[in-house]
Amino acid sequence: MIDPNEWVRAFAELIEQHTDELTALDAAIGDADHGSNLRRGTSAVVETLADAAPGSAAEQLKQVGMTLIRTVGGASGPLYGSFFLGCATALGDKKLDTTDFAAAFRGGLDKVVARGKAELGDKTMFDALAPAADELDRRLAAGDSLAAALDAATTAAEDGSDATIPMLARKGRASYLGERSVGHRDPGAASAALLVLAAWRAAQ
Ligand code: ADP
Ligand code: MG
């Protein structure tokens, strides 16, 4: 089972470690703020959760989503915020475990799509998140533990992030570059793979 606190703490730690790399990716096809945007947001989330009264997993996820929307900025703030709000809604009164975790993750993904309208191949965070959600479902259906399913989902997200390199961006700021967006990894896909890796760490 995953404690939402541990998931977002692990995400914050990974973002901290990869801030410069994410910013460099965004410098190539955006405005060089993806690393700093997320770092500001995830450190605010860690502080908010430390101060918050203990609540249900869904209440904590909702808090995370609202804090990210308030603090991250850019396109990715509302999108990551929506992801966590969608997780919270789909989770209801359940815990972040096995198929309930997968359903929450899918609920988050659906909210990202509702907000940003990204499709597979648009060169966005969706290209890392969607394969991860599919792999989670497949592995859990095959009887894997949540940790094992998340291990495979992390690989799927990383492969999805790699796959954005040759893509032409069709959403967000990078889409203004047209052909010049080809040959660069999407920063949001890179950070989304870290979000899945963080869940795997929290499942240990
Ligand atoms: P901004 O582009 O406003 O500077 P960030 O740099 O923080 O915001 O985030 C950029 C990332 O947001 C992109 O790499 C992409 O993955 C993601 N993104 C942008 N638009 C969309 C969208 N419509 N749907 C999904 N993800 C998107
Ligand atoms: Mg940017």
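Student: Which element gives the largest share of the shell around ligand 1?
Tutor: That's α8, with three residues. Helices are DSSP runs of H or I with at least four residues, strands are E runs of at least two, and both are numbered from the N terminus. α2 (34–51), α4 (76–91) and α8 (187–202) are the elements that give two or more residues to this shell.

By the way, this is a predicted model: local features need pLDDT of at least 70, side-chain atom pairs count only at pLDDT 80 or more, and totals for chains, interfaces and linings use all residues. Residues are numbered from 1 along each chain as its sequence is written, chains are lettered from A and ligands numbered from 1 in the order written, and side-chain values use heavy atoms, leaving out hydrogens and water.

Student: Which of the residues around ligand 1 come nearest?
Tutor: Of the 20 residues there, D31, A75, S76, G116 and D186 do. Being near takes a heavy atom within 4 Å.

Student: Why is the pair of W7 and F84 called tilted?
Tutor: Ring centres must lie within 6.5 Å, and planes under 30 degrees apart are stacked, over 60 edge-to-face, the rest tilted. W7 and F84 are 5.4 Å apart centre to centre with 55° between the planes, so they pair and count as tilted.

Student: Where in the chain do W7 and F84 sit?
Tutor: W7 is in helix α1 (residues 4–29) and F84 in helix α4, 77 residues apart.

Note on methods. Phe/Tyr/Trp six-rings, centres within 6.5 Å; stacked < 30°, edge-to-face > 60°.
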